[in-house]
Amino acid sequence: MRQPIRSGILACALCLLAAASTGLAGTFYVSPTGSDLAAGDATHPWLTLQKAANVVTGGDTVNVLPGNYTGFDLARSGKPDRQITFLAQPGVFITANNPSTPDGINLEGASYVTIDGFNASGRGRAGIRSVCNNGVVLRNNTCDSNATWGILTGFSSDLLIENNICSRSGTQHGIYIGNSSDNITLRRNVCWGNYGCGIHMNGDINTTWPGHTIDGLMQNVLVEGNILYGNGSGGGASINGDGVQDSIIRNNLIYNAYNNSGIALYDGDGSAGPKNDLVQNNTVLMASTGGWCLNISSPAGANYAYNNILYNSHSWRGSIEYDRTTGLVSDYNVVMDRFSTDSAGSRIGLGAWRTATGQDAHSIIATPTALFVDPANNDYHLKGGSPAIDVGSTVNGAATDLRGVLRPIKNGTDIGAYEFILAGDANCDGAVRFADYQVLEANFGKAGADWAMGDFNDDRSVTFADYQLLESNFNLSLPEPASLTLLLAGAGMFLRRGQ
Ligand SMILES: [Ca+2]
Ligand SMILES: [Ca+2]
Ligand SMILES: [Ca+2]
Ligand SMILES: [Ca+2]
């Protein structure tokens, strides 16, 4: 009898040891009312972010309570399966540069780190700077009115930058990734009012990092679902790619662009020009002072442009400027009657472009008024009857839209960043049914939501407003009687719960 009891006690002791170890090593807290002499746990938080940065190891999470903080300088790394996470609660502001550089948050040689939820604004150079590392995630941060960049990365591969807002950078760009880095995803960021580019990618063969091979190319970059507006009073492109190859730029919305280009792919500091890049289902609208919508030059191989809306408010510049007549595969775009096949921007019409290049046989000409719900107020969703509906290339089109809506809806893939869909059609089957209501109900109240979860008004959360959109379209369609009964029963529960 004794042996099993001893085993039980031993097992229990091991459990406690494991729990204590997890608690000490795994989860820390920082608060404006804490102390760096404290234990750093939930009831005894640290005072400074730098204290946390000096001690974290792989697998740790640092929870940051609301308040104002001096930034931090992190040189410690997690591991591929043990990310270090700095997780800010809503209301965390970096109001002073970190102790080492003129940036808010600085990661230098710190790999496998996640920075989530910080507001790093008004800093001396970048809101967040991350260099000489791998496996970094920058998510849900706001970087406004920084002197040079919102977010800067360099020599930083296997990188994910998503759901950040990077605005009003003083002398350069919203998001700048560079220095030959590869395997990077930039998605669902909003970059507005930056002096230069919204997103800048620089292969940069000229800057070295001791001990590392610099190939001057950015490869396998996915730039997807970003919204970029009001950028470029100082030039650049809304999406700027120097030495970018084997990459995809899709479902981005660009408007009020003052830049020299909406999307530019070229060879400046890179070791070679664009090759095997796919520009797909973007909506690009240049301001009257801007350059061409899509500008490709010095290609190192074929590049591809499908399903883009390319509209220009400039007096004579237009949709596509390409510095030659071969190597660009382009079709199923909505364009203006304005193209160029030389780097001087000499203008030709769609017919002459087709003759010179053999491209854009299925592309069409249309105006914003015909295409969009309310272009005067920057609503670039397709309106009912839009000429962009169902006429894109499904074979070479994006599989989703900017919101995550599954393409194609109805009879074909649409051109541009938004697929035309009834609000409420969460499962993207072309009809608003009880199944869609069930999706919305299951996700009701959730933040960080997308269309497929029931966020129909693009505010990233599922609320009563989304239900109202679903209901309005449900009543316009005619559900099966049994489904209608279920819907009304469900809606009653829903309404009671909402009160
Ligand atoms: Ca590279
Ligand atoms: Ca469609
Ligand atoms: Ca549906
Ligand atoms: Ca919503």
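User: In what order do the 12 strands of the open sheet run, and is the pairing parallel or antiparallel?
Analyst: In this predicted model, 12 strands make up an open sheet. Their order is S1-S2-S5-S8-S11-S14-S17-S21-S25-S28-S31-S34. From one strand to the next the twist averages 10°. The pairing is parallel.

User: Which are the edge strands?
Analyst: An edge strand here pairs on one side only. That applies to strand S1 (27-30) and S34.

User: Why do the buried residues of H3 line one face of the helix?
Analyst: In helix H3 (residues 350-357) the buried residues are Leu350, Trp353 and Thr357. Viewed down the axis of H3, these buried residues line one face because they fall within an arc of 55°. In an α-helix there are 3.6 residues a turn, so residues three or four places apart point the same way. The arc that places the buried residues of H3 on one face is 55°.

User: Which residues are exposed on the other side of H3, and which strands are included in what covers its buried residues?
Analyst: On the other side of H3, the exposed residues are Gly351 and Thr355. The cover over the buried residues of H3 includes strand S34 (328-331), strand S35 (334-335), strand S36 (339-340) and strand S37 (364-365).

Key:
Residues numbered from 1 in each chain as written. Chains lettered and ligands numbered in written order. Predicted model: local features only at pLDDT ≥ 70, side-chain atom pairs only at ≥ 80, totals over all residues. Buried ≥ 20, exposed ≤ 12 C-beta atoms within 10 Å, placed from the backbone. Helix = DSSP H or I, 4+ residues; strand = E, 2+ residues; numbered from the N terminus. Arc of directions from axis to C-beta. Contact = placed C-beta atoms within 7 Å. Pairing = 2+ DSSP bridges. Axes fitted to C-alpha atoms, helices over the stretch in contact; angles between N-to-C directions.
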